[in-house]
Amino acid sequence: MSEKKQPWNRPMPEQQFKLMREILDAPSPVGLEGAMTYGVLKPHFESFAPGDWQLRQFKGHAGVVLDTHPGRDDMFKVMLIGHADKIRMQVRSIGDDGKIWINTDSFLPTVLVGHEVKLFSEDPDNPGSYRMIQGGTVEALGAIHFADPAVRSGDRGIKKEQIYLDLQIHGENKKQQVLNLGVRPGDSIIMDRPIRSGFSPDTFYGAYLDNGLGCFVTSEVARLIAEAGGTRQVRVLFAIASYEEIGRFGSRVLAGELEPDVLIGVDVNHDYMAAPGIGDRRMQPLEMGKGFTMAVGAIASEQLNRIIESTAKQHDIPMQRDMVGADTGTDGMAGVLAAVDCAATSIGFPIRNMHTISETGNTQDVLAAIHALTYTLQALDALDDPHREFLDNHPRLDRATPLEHQGSAKPDEGDENSAL
Ligand SMILES: [Zn+2]
């Protein structure tokens with residue numbers, strides 16, 4: 001097959017981009033994930049899932065799990081996890097001048113200034129119903145004309161306590177104008193920028209690629225598996241988690257409840273090559289546009305990674321190995337955090353400007369992840385006995401063979417070209 005025919009080497013089709021945009025745009029701050037899970041993903045799942053698949057729901061959070069074989073605990077269970085929660089800013093207090101002071105959570109204060117946001121306010125007279133305010137901007141310093149020299153030169157930055165939401169309140173009784181809206185401490189604020197195509201081919205940017213993208217990939221894998229007629233001996237749990245941004249608390253509940261044998265976190269990763277000012281840290285050379293990433297290290301199972309890596313290689317899907325330290329930094333950790341025996345790893349896509357309004361990704365990396373995960377599920381399904389496969393094949397470094405110096409010749413370029 002010509003390389004050009006493969007979906008991960010082509011532009012993302014318009015319809016697919018539209019779905020990705022819709023999932024990423026759902027207002028689902030931490031703790032209020034229902035907009036993405038019930039508002040967008042549930043109807044989407046229902047549009048393609050066979051009748052015997054089931055959507056599992058939960059009481060304490062709005063996460064959901066699409067289950068291909070409900071009740072079949074005897075089967076080999078594989079859980080893919082994206083997280084629906086977005087970093088949640090919150091109203092902290094309201095000033096006499098109408099400024100709404102906000103908590104910035106895991107945003108750098110400086111990257112927020114000037115951006116449009118949506119404020120979601122629970123109606124104090126009608127708890128459980130929410131109103132939305134658009135048209136406010138996040139501010140901190142005002143005009144350069146008021147800034148002292150250290151701020152002007154960049155020697156001094158912005159403290160998170162300086163950040164406020166400006167609703168352009170003016171005139172009489174400024175604080176009262178805000179109180180009259182019913183805006184209260186605790187109300188949620190998220191950034192207002194749906195994704196758009198970027199200038200460079202196959203790129204896109206906007207807020208919250210982290211981690212509507214992992215949810216989009218998980219749901220696209222579910223659709224492809226459904227279209228391929230499902231799986232025979234692997235029970236797949238397509239999981240959309242909550243509470244990741246505050247410590248990956250939701251995915252461990254899902255893992256604890258459903259006890260998967262294999263768990264794969266799907267989350268954004270960094271484009272370290274483009275990250276400004278970190279050249280001297282000699283980070284792993286992950287780069288946007290070079291394929292999906294796979295975590296190596298921490299609790300990542302080398303057995304599971306082996307299957308993903310060889311599957312990707314077999315189908316010519318570009319993959320980048322990501323070195324992780326003590327922690328994958330993703331929901332890939334859910335199994336061990338929930339004390340469940342499962343082989344886990346983490347799959348991602350390098351993005352730029354994580355936790356800003358201009359998170360930037362590449363659709364081909366996303367497509368690479370979708371297809372690599374689909375083929376991996378099918379490879380697991382094709383194993384004689386997936387349970388025994390993982391029990392009996394732990395890597396044995398005591399059986400490592402000696403490796404001699406291999407000379408200085410570069411790989412034959414003629415061979416590389418003939419593979420196209
Ligand atoms: Zn994040």
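Residues are numbered from 1 along each chain as its sequence is written. Because the model is predicted, local features are reported where pLDDT is at least 70 and side-chain atom pairs count only at pLDDT 80 or more, whereas totals for chains, interfaces and linings use all residues.

The domain assignment, with bounds that come from an automatic or database source, divides the protein into domain 1 (3–86 + 208–393) and domain 2 (89–191). The centres of domain 1 and domain 2, taken over C-alpha atoms, are separated by 34 Å. The contact between them takes 8 residues from domain 1 and 9 residues from domain 2, two residues being in contact if their C-beta atoms, placed from the backbone, lie within 7 Å. On the side of domain 1 that touches domain 2, the residues divide into 4 nonpolar, 2 polar and 2 charged; here Ala, Val, Leu, Ile, Met, Phe, Trp, Tyr, Cys and Pro count as nonpolar, Asp, Glu, Lys and Arg as charged, and the others, Gly among them, as polar.

Helices (H or I, at least four residues) and strands (E, at least two) are DSSP runs, numbered from the N terminus. Helix H5 (residues 209–227) packs with helix H9 (residues 363–381) at an angle of about 45°, their axes lying 9 Å apart; axes are lines fitted to C-alpha atoms, for helices over the stretch in contact, and angles run from 0 to 180 degrees between N-to-C directions. This angle makes H5 oblique to H9, given that angles under 35 degrees count as roughly parallel, over 145 as roughly antiparallel, 65 to 115 as roughly perpendicular and the rest as oblique. The contact is made by Leu213, Val217, Glu220, Val221, Leu224 and Ile225 of H5 together with Val366, Ala369, Ile370, Leu373, Thr374 and Leu377 of H9, and by class it has 10 nonpolar, 1 polar and 1 charged residues.

The contact of H7 with H9 has 7 nonpolar, 2 polar and no charged residues.

In helix H6 (residues 249–258), the buried residues are Gly250, Ser251, Arg252, Leu254 and Ala255; a residue is buried if 20 or more other C-beta atoms lie within 10 Å of its own, exposed if 12 or fewer, and partly exposed in between, with C-beta atoms placed from the backbone. What covers these residues includes strands E2 (64–67), E3 (76–83), E12 (234–241) and E13 (262–270), as well as helix H8 (334–337). Just after H6, glutamate 259 takes a positive phi of about 45°.

Asparagine 173, in the loop between strand E8 (164–166) and helix H4 (174–181), has a positive phi near 50° and counts as exposed, with 12 C-beta neighbours inside 10 Å. For asparagine 353, found in the loop between strand E16 (343–351) and strand E17 (359–362), phi is near 60°, and 18 C-beta neighbours inside 10 Å place this residue as partly exposed. Methionine 132, which lies in strand E7 (residues 130–139), is exposed, with 11 other C-beta atoms within 10 Å. Not counting residues up to four places away in sequence, methionine 132 touches Lys118 and Phe120.
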